[in-house]
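Trainee: Hi! Could you walk me through this structure?
Mentor: Happy to. Let's look at it together.

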Amino acid sequence: MANDVAALGLYNVCKSFGGLKASNNINIEVQEHEIYGIIGPNGAGKTTLFNLITGVIPLSSGTIKVFGRDITNMAPNKICGVGIARTFQNIRLFNAVSVFENLLIACQQTIGYSAFDGCLRTKRFRREEKEAKDKCMAILEKFNLLQYKDTPAGKLPYGSQRRVEIMRAIMTNPKIILLDEPAAGMNEEETATLAGMIRMLQKEYGLTVVIIDHHMDLIMDICDRLTVINFGEQLMTGTPAQAQSDQKVIDAYLGVDE
């Protein structure tokens, strides 16, 4: 497959912290509209990859592309503008403000009016503010959280907080969304709801989804393909069924008898 075909491409990506290789020659191509998993034991380097993709930390070497555009070491706000959004392993909502305001804050990425428009409350300002608020209301209704519109985000049940974080990411109009352990701390029912939400992101919003998670039932159920890494090394890339039968993957998760 040509490099410019991939929605997200990582090519010979390396990241070292001193003498520690957190990512060593990682090569991944995610197709548009795929649900793609990145899995591995604790400390394998999964979140490091997300941090490299989103510009939180710089690459040591290698290239990252989004639909053929080189975003290597681009600033995080510029990467968001290219069409990548993410959630975090630890929920990062603004707990003291309402769910609605959490979503509205994310709209600032796509608002085009100037400070001048804002000060004078011009027609453009009023139009774009109304569009942003309407968009927030629509997504609250879409994800069945309209009743929590005015609730401080920190007061929501844990599973609902996770959903709001994903909804907030959607408000930036991404093409690709990176989900870092979205099922962490969820019970079985909440995880099932999350799985339906991720499929909705793919089918109804047309998003490419890349997910890290330790819930193997979730990963094996929703992912089209996945990559397994361990100690910064890429063990294999393939379908969930191929990963389950790969001896290197089994050894990484279960250990090897000496």
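This is a predicted model: local features need pLDDT of at least 70, side-chain atom pairs count only at pLDDT 80 or more; totals for chains, interfaces and linings use all residues.

Mentor: One term to begin with: contact means heavy atoms within 4.5 Å. Also, helices (H or I, at least four residues) and strands (E, at least two) are DSSP runs, numbered from the N terminus.
Trainee: Okay, which residues of α6 meet α7?
Mentor: From α6, Gly159, Arg163, Ile166, Met167 and Ile170 meet Glu190, Thr193, Leu194, Met197 and Leu201 of α7. The residues of this contact divide into six nonpolar, two polar and two charged. Here Ala, Val, Leu, Ile, Met, Phe, Trp, Tyr, Cys and Pro count as nonpolar, Asp, Glu, Lys and Arg as charged, and the others, Gly among them, as polar.
Trainee: And at what angle do α6 and α7 pack?
Mentor: About 10°, with the axes of α6 and α7 (residues 188-203) 10 Å apart. That makes the two helices, α6 and α7, roughly parallel, a label for angles under 35 degrees. The axes are lines fitted to C-alpha atoms, for helices over the stretch in contact, and angles run from 0 to 180 degrees between N-to-C directions.
Trainee: Switching to α3, how many of its residues are buried?
Mentor: Six of the eight residues in α3 (99-106) are buried, meaning under 20% relative accessible area with a 1.4 Å probe, protein chains only. They are Val99, Phe100, Asn102, Leu103, Leu104 and Ala106.
Trainee: What covers them?
Mentor: The cover includes α5 (123-142) and α6 (158-170).
Trainee: Where's the largest pocket, I mean, which elements line it?
Mentor: At least two lining residues each come from α2 (76-82), β6 (84-86), α3 and α6. On a 1 Å grid over the protein atoms alone, a pocket is an open set of points with protein on both sides within 12 Å along at least five of seven lines, and lining residues have an atom within 4 Å of a point.
Trainee: How much space lies in it?
Mentor: About 470 Å³, counted as the space filled by probe spheres set on the points. Of the 21 residues lining this pocket, Cys80, Ala85, Arg86, Phe88 and Thr172 are the closest to its centre.

Key:
Residues are numbered from 1 along each chain as its sequence is written. Side-chain values use heavy atoms; hydrogens and water are left out. Buried means under 20% relative accessible area, exposed over 50%, partly exposed in between (1.4 Å probe, protein chains only). Angles under 35 degrees count as roughly parallel, over 145 as roughly antiparallel, 65 to 115 as roughly perpendicular and the rest as oblique. On a 1 Å grid over the protein atoms alone, a cavity is a set of points where a 1.4 Å probe fits but cannot get out, and a pocket is an open set with protein on both sides within 12 Å along at least five of seven lines; lining residues have an atom within 4 Å of a point.
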